[in-house]
Amino acid sequence: MESVARLPLPLSSFIGRQTEIESVHQLLCSGVRLVTLTGPGGVGKTRLALEFTAQNANAFVDGVFFVSLQALTEPEQVLEEVASVLRVRESGTRSLLEDLCDALADKHALLCIDNWEHVLDAAPQLADLLAACRWLHVIATSREALRLQGEHEYPVHALSVPVRDEQHPLDAAQAEAVKLFSARASAVKLGFEVNESNALVIGEICTLLDGLPLAIELVAALLRLFSPQALLARLQNSSGFVGRSPVMQLLVGGSRDLPVRQQTLRAAIAWSYNLLDTKEQRLFRLLAIFAGGCELEAVEAVCGDLDTASRPILDLLIALVDQNLLRAREVDGEPRFAMLRTIQEYAAEQLVGSGELHDVQQRHAQHYLDLVERGDAAGHGPHQAPWQARMERNHDNLRALLTWSLAQPERASIAYRLGEALWRFWSHRGHWAEARQWLTRILALEGSVPSVLKAKVLRNAGIFATQQGDFDLAEQYFVRSLSVARSVEDKIATRNALNALGTNAYLKHDPATAIAHFQASLVLDRELGDQWGIAKRLNGIGNVLLKQRDFDSALAHVQQSLAKMRELGDAMEIAECLLTLGEIALGKDDDGEAHPYLTECRTLFNDLQDPWGVAAANHGLGLIALRRGKLAQAQTLFADSLQGRKALGDKLGIAESLEAMACLAAAHSSLERAARLWGAATALRSAISASLMDSERFGFDPYVKAVRTRLRERQFDAAANAGAAMSLDQALRFAAEPPDAAEQSAGRKPPRRAYPAGLSVREVEVLALVAQGLTDGEVAERLVLSIRTVNAHLTSIYNKLGVNSRVAATRFAIDEKLV
């Protein structure tokens, strides 16, 4: 046996994988002598093994050797191939294994043995060889582990892909998958490079290809024919289960000097598929029905006929995981299974060809419909958070089910049942725009459905129209829902429609109508004995009373609601009651009482992953920070709130955020910015028919008046009109800028702080009135504040001015021309 390095020389550059090379090196240095690189076909196991072996050749004084098993057909041929590469001749008197053991007994060598998956029965002979040769090390590649003592399995994952929504396009270019695409593309198209104009497109291509190196190389080669944009469009043109998938259509032409099974991704996956037994192949096909993965319970429900005493379905799943055709991870203590997109599309083709598609679609539909309805039933109780999380994990399966249910009129009842049961999940998880799209399509179906079901779906469609500020359309839905519910004398559907009409009226600033609808709904709640409904209605009435500034009555209603919701253990409704209590305290100008309510409700909303509630709580906490003069904290809270409301399409919430950020700009003395933001907010409120109620103005009016006072009327109006003329996207971008940056982007330097000693706008207002001789009570009445808040402002003013009396503060105000 010669001491040499016998390795194939790759003709293309090696991209990335340095972390993997270092990890394997550490394993061998720690005493591990057999490392098996495992992973699906096309993930780059062979290329990684070759690169590691080449980089570490000098560490093995007796040589490194590459042994390819890909052409072998029988396990008995493995030792013959190893002997051939090592140039070990059979003695004829002993077994070939003994001859190899003798040849390698004292050799410090590395064998790189590639492609074990189809000859695994020969693996025990490798164990014997390692046992006899103490200095021998082996790097093996296989689509499943060899299962030998002393073996260390090292899973080879796909290359890193860009995080979606990268802030800068060139950030995407740093991902390993994009670097590989760039290298291979430049080999077929002279002058090609990743730049700002194409980086995100290429990043999305690599993401759709799961970061699989073989797939990326095949698609990159197509740049000789297509632009990156055209390639992405073809990859995104998913045709579902009909015909060949768009990915598979593109991945058909690889390098001719590669083994046939590595020339196309289809061939690589087919190689693994053909190694499965009949039951494993069937489960592999059936699993293609799941979108975005599935839980064990779903596999048992949809593929349960494969479950037998002799071979439980879990054993079949483990076999597919071992073959790297299926990925498994633990979620909340339970296994969850998923396929790479490219592998799933191959499985889908096999499913269509098998003739089993119709039956498995029916079972998939039944399982997830049951799941949705069980989740909706748990929506009021203490288990709602884990159910919401489970629905989110299965969101892609739910979308697939909705698409299937809408495909034929005879499935209309299933579509309506989904439209009824999914509303709480859609609402709490922030899928508002998507919900409106699905519900519009459901209501357009012509199939026959029970009237009560139609009433419920109409009401749900109205809920999402309300949430996005489309109040007139929402009212139309609610009126239709109420009419249908009353026509069949269904008290629950009638109650729900009345409550929805009350909420819509409340948001349209029609408190009398809102109270009337809530009270009518409350009557039905009591007739039904529905304690949850009673508590919900009490909170609704409390909200209306809050808008009317009847704080005491509002407080009494909401506290009753909160007590009932705590008894029922409904975390979502507890959070909403706490939010209302926080808003009541804010209305009373009692920041000390508001803060713990808003903090607790934000924690609950965060735990429930409810983006609307988190945004609302951050908004309230931002107002407290603003009133306390903590402007940086207010900026962060308002920005977070606005971002959440933007993601939801919550136009009313966006208007509130723009108004709050206008107040913040005023506190920063960014006067024109404040006026522009108020103009944008006013225009948005006008567009959604949700003008600012007089009861809501009390918090903003002091800021508006202060800005009007310091800006000339014409200048204020011009800035406000400029804000009103902005599109919603322009207004959002403008609001997202810090005050100083916004002034600079408008071509102006930020004004110097106009008030001395770091006084805030509100403190200047208080000081000016005190200097005019008003008492604390008169100041409180003039500024719509509590006396306690006025006292707090005076304490802050005295500290900032370094004085301890009203006389000294008045002298300062006169000297600084603040009165």
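What follows is a short exchange about a predicted model.

Visitor: Why are helix 30 and helix 31 called roughly antiparallel?
Guide: The axes of helix 30 (residues 571–587) and helix 31 (residues 591–608) cross at roughly 155°. Angles over 145 degrees count as roughly antiparallel, so the label applies to helix 30 and helix 31. Their axes come within 8 Å, and the crossing is left-handed.

Visitor: Which residues make the contact between helix 30 and helix 31?
Guide: On helix 30 they include Leu578, Leu579 and Gly582, and on helix 31 they include Tyr597, Leu598 and Phe605. By class, the contact has 16 nonpolar, 1 polar and 4 charged residues.

Visitor: What makes helix 2 largely enclosed by the rest of the structure?
Guide: Buried means under 20% relative accessible area. In helix 2 (residues 45–55), 8 of the 11 residues are buried, so the helix counts as largely enclosed. Among the buried residues are Leu48, Leu50 and Phe52, and also Lys45 and Glu51.

Visitor: What makes strand 7 and strand 8 edge strands?
Guide: The open sheet of 3 strands has the order 7-9-8. Strand 7 (294–295) and strand 8 (327–331) each pair on one side only.

Visitor: How do you know that strand 8 and strand 9 pair?
Guide: Pairing needs at least two bridges. Strand 8 and strand 9 (residues 334–338) have 5 bridges, in the antiparallel sense, so they count as paired. Arg329 stands opposite Arg336 in strand 9.

Methods. Residues numbered from 1 in each chain as written. Predicted model: local features only at pLDDT ≥ 70, side-chain atom pairs only at ≥ 80, totals over all residues. Heavy atoms only, no water. Helix = DSSP H or I, 4+ residues; strand = E, 2+ residues; numbered from the N terminus. Axes fitted to C-alpha atoms, helices over the stretch in contact; angles between N-to-C directions. Parallel < 35°, antiparallel > 145°, perpendicular 65-115°, else oblique. Left-handed = near helix turned anticlockwise from the far one by under 90°. Contact = heavy atoms within 4.5 Å. Nonpolar A, V, L, I, M, F, W, Y, C, P; charged D, E, K, R; others polar. Buried < 20%, exposed > 50% of the residue type's maximum accessible area, 1.4 Å probe, protein only.
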